[in-house]
Amino acid sequence: DGGHVRVTGCLDIEGFASMVMTRGERRHLFDLSLAVMFEASWLADHGKMAMEGRVNLEGLCSELGSGTPEDIVCGMDVDFATDSEMPGKNHRLHIETALPPVQRTKLIAALGANHHEVISRRGLMYLVHRRLWCFVHDFAQT
């Protein structure tokens with residue numbers, strides 16, 4: 001419906017990645033968390049609207065497997081920019097920046113920030129998981 005969602009950056013990357021030798025085999029271990037920053041825009045009745053937010057990924061670890069991008073699905077939590085969800089905290093002129101329920105539902109669907117959407121290969125977070133899968137494979141090749 002005239003909408004667009006894109007990744008704008010990555011923040012708060014924490015955890016570890018290491019290689020160990022176990023019984024003569026090299027093993028790659030990692031446990032990471034990070035925040036994927038996004039920007040969404042869409043056409044509304046009164047013009048183009050835009051907002052920012054983040055999807056927090058927790059528990060991206062080597063135990064999740066590396067067969068396909070869908071195998072590494074980790075916990076996801078969506079945070080919208082404070083001014084888009086809580087307009088009352090801003091000046092009265094910014095009330096229009098509140099995210100209406102219909103747009104919120106569409107944005108959540110476009111993000112695809114849940115296990116079902118990722119394994120169904122839908123949404124922005126499926127694409128993020130594909131990139132993470134590339135990291136897993138590149139890391140395993142080192």
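This is a predicted model: local features need pLDDT of at least 70, side-chain atom pairs count only at pLDDT 80 or more; totals for chains, interfaces and linings use all residues.
**Overall architecture**

The chain holds four helices and four strands, and its elements follow the order β-β-β-β-α-α-α-α from the N terminus. Of its 142 residues, 31% are buried. Among contacts with a separation of 6 or more, 55% join residues 24 or more positions apart.

**The nonpolar core**

In soluble globular proteins, nonpolar side chains tend to be buried together. In this model the largest nonpolar core comprises 27 residues. The residues with the most contacts inside this core are F38, V55, L57, M76, L107, L111 and M125. Several elements each supply at least two residues of the core, as listed below.

| Element | Residue range |
|---|---|
| β2 | residues 25–44 |
| β3 | residues 47–61 |
| β4 | residues 75–80 |
| α2 | residues 101–111 |
| α4 | residues 124–141 |

Leaving aside residues up to four places away in sequence, M125 touches V36, V55, L57, M76, L111, G112, A113 and V118.

**Glycine 15**

G15 belongs to strand β1, which spans residues 4–22. Is G15 buried or exposed? Its relative accessible area is 60%, and because the threshold for exposed is over 50%, G15 counts as exposed. Beyond residues up to four places away in sequence, G15 touches D31 and L32. G15 and L60 are separated by 45 residues in sequence, while their C-alpha atoms are 9.3 Å apart in space.

How values were computed. Residues are numbered from 1 along each chain as its sequence is written. Side-chain values use heavy atoms; hydrogens and water are left out. A nonpolar core is a set of buried Ala, Val, Leu, Ile, Met, Phe, Trp, Tyr and Cys residues joined through side-chain atoms within 4.5 Å. Buried means under 20% relative accessible area, exposed over 50%, partly exposed in between (1.4 Å probe, protein chains only). Contact means heavy atoms within 4.5 Å.
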